[in-house]
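Dear colleague,

Please find below the structure that I am handing over to you, followed by an account of what was found in it. I would be grateful if you read the text with the model open.

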Amino acid sequence: GACNMIHDMGEKNTEKDKKELEKLKIQFKVKTGANGKVFGNISTKQIADELAKKGYNIDKKKILIDVPLNVLGNHFVEVELHKKVKAKLNIELISE
């Protein structure tokens, strides 16, 4: 039923979750300065919260940001679903 929204992170579901996560695009509206500079940057907690709204219960510690998310446009962050499985999550920053 619909209350089964929390995904079990067992290995067999991991590949399915990876495919689903890689189809998502998470948008954040951000405040920008004159030259398109983004104020602050997007944290793993904000990403985890957005994923939770979509029904993915992912610990923010499993979200790996190599480069600060502080420029407009598309970025990819890695989500560690399992020791062996990482999904690339598409994050888009758009100006408010």
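Asn90 is found in strand E4. Helices and strands here are DSSP runs (H or I over at least four residues for helices, E over at least two for strands), numbered from the N terminus. With a relative accessible area of 13%, Asn90 is buried; the terms used are buried for under 20% relative accessible area, exposed for over 50%, and partly exposed in between, with a 1.4 Å probe and protein chains only. Residues up to four places away in sequence aside, Asn90 touches Leu24, Lys25, Ile26, Asn74, His75 and Phe76, where contact means heavy atoms within 4.5 Å.

Please note that this is a predicted model, in which local features need pLDDT of at least 70 and side-chain atom pairs count only at pLDDT 80 or more, while totals for chains, interfaces and linings use all residues. Residues are numbered from 1 along each chain as its sequence is written, and side-chain values use heavy atoms, with hydrogens and water left out.

Overall architecture

The protein contains two helices and four strands, which run α-β-α-β-β-β from the N terminus on. The four strands form an open sheet in the order E1-E4-E3-E2, with mixed pairing; two strands pair if DSSP finds at least two bridges between them. E1 and strand E2 (63–64) are the edge strands, each pairing on one side only. Between E2 and E3 the pairing is antiparallel, over two bridges, and Leu64 has Glu78 as its bridge partner in E3. Helix H2 lies across E1, E2, E3 and E4 and runs at about 125 degrees to E1. For such angles, axes are lines fitted to C-alpha atoms, for helices over the stretch in contact, and the angles run from 0 to 180 degrees between N-to-C directions.

Of the 96 residues of the protein, 31% count as buried. The accessible surface comes to about 6,300 Å², and 52% of it belongs to carbon and sulfur atoms; these areas come from the Shrake-Rupley method with a 1.4 Å probe, and for residues only the protein chains shown count as cover. Among contacts with a separation of 6 or more, 51% are between residues 24 or more positions apart.

The nonpolar core

In soluble globular proteins, nonpolar side chains tend to be buried together. A nonpolar core is defined here as a set of buried Ala, Val, Leu, Ile, Met, Phe, Trp, Tyr and Cys residues joined through side-chain atoms within 4.5 Å. The largest such core has 22 residues, of which Leu21, Ile47, Leu51, Leu89 and Ile91 touch the most other members. Two or more residues each come from strand E1 (25–30), helix H2 (44–53), strand E3 (73–82) and strand E4 (85–95). E4 gives the most, with five residues. Leu89 is in contact with Leu21, Leu24, Ile26, Ile47, Leu51, His75, Phe76, Val77 and Val79, its neighbours within four places in sequence being left aside.

Salt bridges

The structure holds nine salt bridges, each being a side-chain nitrogen of Lys or Arg within 4 Å of a carboxyl oxygen of Asp or Glu. One of them joins Lys88 and Glu78, with the closest N and O atoms 3.3 Å apart. Because Lys88 lies in strand E4 and Glu78 in strand E3, this pair ties together parts that are ten residues apart in sequence. Lys88 is partly exposed at 41% relative accessible area, and Glu78 is partly exposed at 24%.

Another salt bridge links the side chains of Glu20 and Lys16 (3.6 Å, N to O). Both residues lie in helix H1 (residues 11–23), four residues apart, about one turn of the helix. Glu20 counts as partly exposed, at 22% relative accessibility, as does Lys16 at 43%.

A further salt bridge is formed by Asp59 and Lys61, whose closest N and O atoms are 3.9 Å apart. Asp59 is partly exposed at 38% relative accessibility, whereas Lys61 is exposed, with a relative accessible area of 66%.

With kind regards
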